[in-house]
Amino acid sequence: MIKTLRDAEELVRTRHVITEVPTHGPTSLVEQVMGGRPTGSWRDHAKGRLAYRLGRMLRASKDVLAVRLVEGKVAFVDPTLWPAVYRVAMEPARRRPSLQGLSADARTLLSTVERDKRVQLDKEGPWTKAREALEERLLVHFSEAQDDDGRHVAVLRSWRDWASATLKADAARLSYEDAQARLRAACDGAPTGLGPWVF
């Protein structure tokens with residue numbers, strides 16, 4: 001049973017990829033906190049608040065990458081797979097199609113992130129839909145943080161700014177196909193797919 005942030009981080013280290021909510025792929029934080037797949041809304045479960053709080057904490061952890069991999073849902077990824085995620089995120093053949101259909105706001109926000117390297121936004125506000133579109137298409141790195149007033153905020157970074165030189169070098173040694181294969185294997189094959197913008 002997962003009760004603390006340390007427990008949750010250890011689960012990510014052990015499994016390499018877990019999703020936040022149940023999917024057809026790897027185990028989820030919600031299932032591990034609750035001791036099984038919930039029936040009905042997990043938020044109404046007695047441990048729903050704990051699962052929610054741990055999910056927020058994992059998003060802010062420097063030892064975990066939160067990225068939409070499985071069925072468009074947030075997955076928490078161990079550092080051993082960060083080069084594969086970066087390789088997939090930066091693949092031009094994947095990025096070009098993912099730009100199609102973006103709203104004008106999403107394109108403006110993407111340009112701002114690429115120019116400024118890092119953009120901080122209120123989690124809910126006029127840019128929420130644009131931010132979510134960029135996040136689900138793996139066009140930016142997304143994390144959460146607390147501002148000076150203690151509010152949770154969304155932090156968008158360009159992938160190039162986020163990745164260390166070592167991570168970039170490790171990613172460069174992977175072919176796109178190898179990176180995809182590593183993620184698929186870590187996601188238990190994800191029979192319904194790793195999301196339309198990932199593969």
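Buried area is the accessible area (1.4 Å probe) that two parts lose on being put together, summed over both. By that count, domain 1 and domain 2 of this predicted model bury about 880 Å² between them, with 63% of it on carbon and sulfur atoms. Local features need pLDDT of at least 70 and side-chain atom pairs pLDDT 80 or more, while totals for chains, interfaces and linings use all residues. Residues are numbered from 1 along each chain as its sequence is written, and side-chain values use heavy atoms, leaving out hydrogens and water.

**Domains**
- Domain 1 spans 5-77 and domain 2 spans 85-181, bounds that come from an automatic or database domain assignment.
- Their centres, taken over C-alpha atoms, lie 21 Å apart.
- Nine residues from domain 1 and 11 residues from domain 2 take part in the contact (heavy atoms within 4.5 Å).

**Domain 1 side**

- Three salt bridges are counted between the domains (a side-chain nitrogen of Lys or Arg within 4 Å of a carboxyl oxygen of Asp or Glu).
- Arg 56 forms a salt bridge with Glu 144, and their closest N and O atoms are 3.2 Å apart.

**Elements in the contact**
- Helix H3 (48-60), strand S2 (65-70) and strand S3 (73-77) each supply at least two residues of the domain 1 side that touches domain 2; helices (H or I, at least four residues) and strands (E, at least two) are DSSP runs, numbered from the N terminus.
- S2 gives the largest share of that side, four residues.
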